[in-house]
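Open the model in your viewer and keep the selection panel at hand. The stops below say what to select next and what is there.

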Amino acid sequence: MRSRDELTPMQQDLLRELGNIGAGNATSALSTLLGDKRLDMVVPEVVVCSLPDTMGLVGGPEMVVVGIYITMSGDADGHIAFMLPKDSALSLVGILVGMPVEELDEMALSALQEVGNIVVASYLNALSDMTGLKLVPSVPALAVDMAGAVWGAILAGAQITEDFITVIKAAFQVDGTSLDALIMMIPEADYFERIFSILLGTEAGE
Amino acid sequence: MAKRVLVVDDTAFMRMSLRNVLEKNGYEVAGEAADGEEAVAKYQELKPDVVTMDITMPKKDGITAIKEILADDPGAKVVVCSAMGQKPMVIEALSAGAKDFLVKPFQPERVIEALNKVAG
């Protein structure tokens with residue numbers, strides 16, 4: 001397993017920049033979805049962090065979250081998760097349907113699944129535009145559980161070869177309501193190598 | 001007479017949103033399908049004037065469904081409505097026979113504009 005410290009500063013910078021571009025696209029997508037409501041994104045924090053550190057970013061393993069999980073295939077393989085604390089999820093659905101929502105019923109979960117799908121796809125569209133790689137998202141899976149459990153389920157299905165992932169931590173403001181969300185990119189096999197060699201013209205670890 | 005639309009999307013929420021947009025603009029939703037397999041079956045059963053088709057779906061994806069629908073009815077009119085706006089995917093959908101490609105999240109006007117052009 002390769003650790004984050006083995007990445008060059010240039011490589012870390014590139015991963016952060018890809019995260020920023022992805023976050024920008026995801027925000028415009030979310031804004032259109034919310035009926036062109038003004039959506040302010042607090043400058044997203046893009047972190048390249050080690051796996052154990054990610055738990056802290058979602059507010060600890062016991063925080064109840066909604067997790068939407070998508071497998072990426074095509075020219076590169078990976079896993080992407082979109083996670084938001086349950087209260088942010090409720091606010092988001094409330095804005096989508098135009099009335100306060102107090103529980104996550106079937107339609108609310110369906111709405112969140114579609115939000116996750118659109119956010120992740122717009123992130124992949126941006127990545128595809130930059131790299132020329134065809135990146136195909138799977139049908140999204142959705143879980144409402146404690147962050148630790150959701151996280152465990154995702155990692156169980158992934159073949160982790162790196163001890164770091166790219167996490168975009170974003171906070172949105174819509175109509176005075178603030179929403180927190182995380183987009184996590186978990187690379188598989190040679191995903192980062194491909195990205196590095198296409199965009200930096202080098203092999204990772206050089 | 002109102003044009004009849006078959007709405008295909010794996011999320012109930014998106015089918016509901018599309019239904020709202022279509023019905024507000026004088027279209028009739030002839031039916032809904034939640035995956036590609038159901039889409040092909042419903043198309044044969046309902047013979048709608050136009051289909052809105054998602055791509056990423058369980059069981060059978062939208063591109064395969066488009067090909068099967070067109071093999072059965074070469075005059076079928078399908079508009080893709082997918083979040084996956086990558087160029088290779090758009091080209092694949094259009095060469096499978098889709099008449100237009102809308103990238104989600106869509107603006108309601110764009111959906112109606114595309115349907116008017118295709119179904120009108």
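Select H4(A) and H1(B), residues 12–24 of chain B: their axes are 7 Å apart and meet at an angle of about 90°, so the two helices are roughly perpendicular to each other. Axes here are lines fitted to C-alpha atoms, for helices over the stretch in contact, and angles run from 0 to 180 degrees between N-to-C directions. Angles of 65 to 115 degrees count as roughly perpendicular, under 35 as roughly parallel, over 145 as roughly antiparallel, and the rest as oblique. Helices (H or I, at least four residues) and strands (E, at least two) are DSSP runs numbered from the N terminus.

This is a predicted model, in which local features need pLDDT of at least 70, side-chain atom pairs count only at pLDDT 80 or more, and totals for chains, interfaces and linings use all residues. Residues are numbered from 1 along each chain as its sequence is written, while chains are lettered from A and ligands numbered from 1 in the order in which they are written.

Stay with this helix pair and show A:Met107, A:Ser110, A:Ala111 and A:Glu114 on H4(A), then B:Ala12, B:Phe13 and B:Met14 on H1(B); these residues make the contact. Two residues are in contact if their C-beta atoms, placed from the backbone, lie within 7 Å. By class, this contact has five nonpolar, one polar and one charged residues. Nonpolar means Ala, Val, Leu, Ile, Met, Phe, Trp, Tyr, Cys and Pro; charged means Asp, Glu, Lys and Arg; the others, Gly among them, are polar.

Now select A:Val119, A:Ile183 and B:Met53. These have the most contacts inside the largest nonpolar core, which has 101 residues. Such a core is a set of buried Ala, Val, Leu, Ile, Met, Phe, Trp, Tyr and Cys residues joined through C-beta atoms within 7 Å. A residue is buried if 20 or more other C-beta atoms, placed from the backbone, lie within 10 Å of its own, exposed if 12 or fewer, and partly exposed in between. Leaving aside neighbours within four places in sequence, A:Val119 is in contact with A:Ala26, A:Ala29, A:Leu30, A:Phe82 and A:Ile183.

Move to chain B and select H3(B), residues 62–72, where B:Gly62, B:Ile63, B:Ala65, B:Ile66, B:Glu68 and B:Ile69 are buried. Among the elements that these buried residues pack against are strand S1 (4–8) and helix H4 (87–96) of chain B. The axes of H3(B) and H4(B) are 9 Å apart, at an angle of about 15°, so these two helices are roughly parallel to each other. B:Ile63, B:Ile66 and B:Lys67 of H3(B) meet B:Glu92, B:Ala93 and B:Ala96 of H4(B).

For the last stop, select B:Val7 in strand S1 of chain B. Is B:Val7 buried or exposed? B:Val7 counts as buried because 28 C-beta neighbours lie inside 10 Å. Beyond residues up to four places away in sequence, B:Val7 touches B:Arg15, B:Leu18, B:Arg19, B:Val29, B:Glu32 and B:Thr52.
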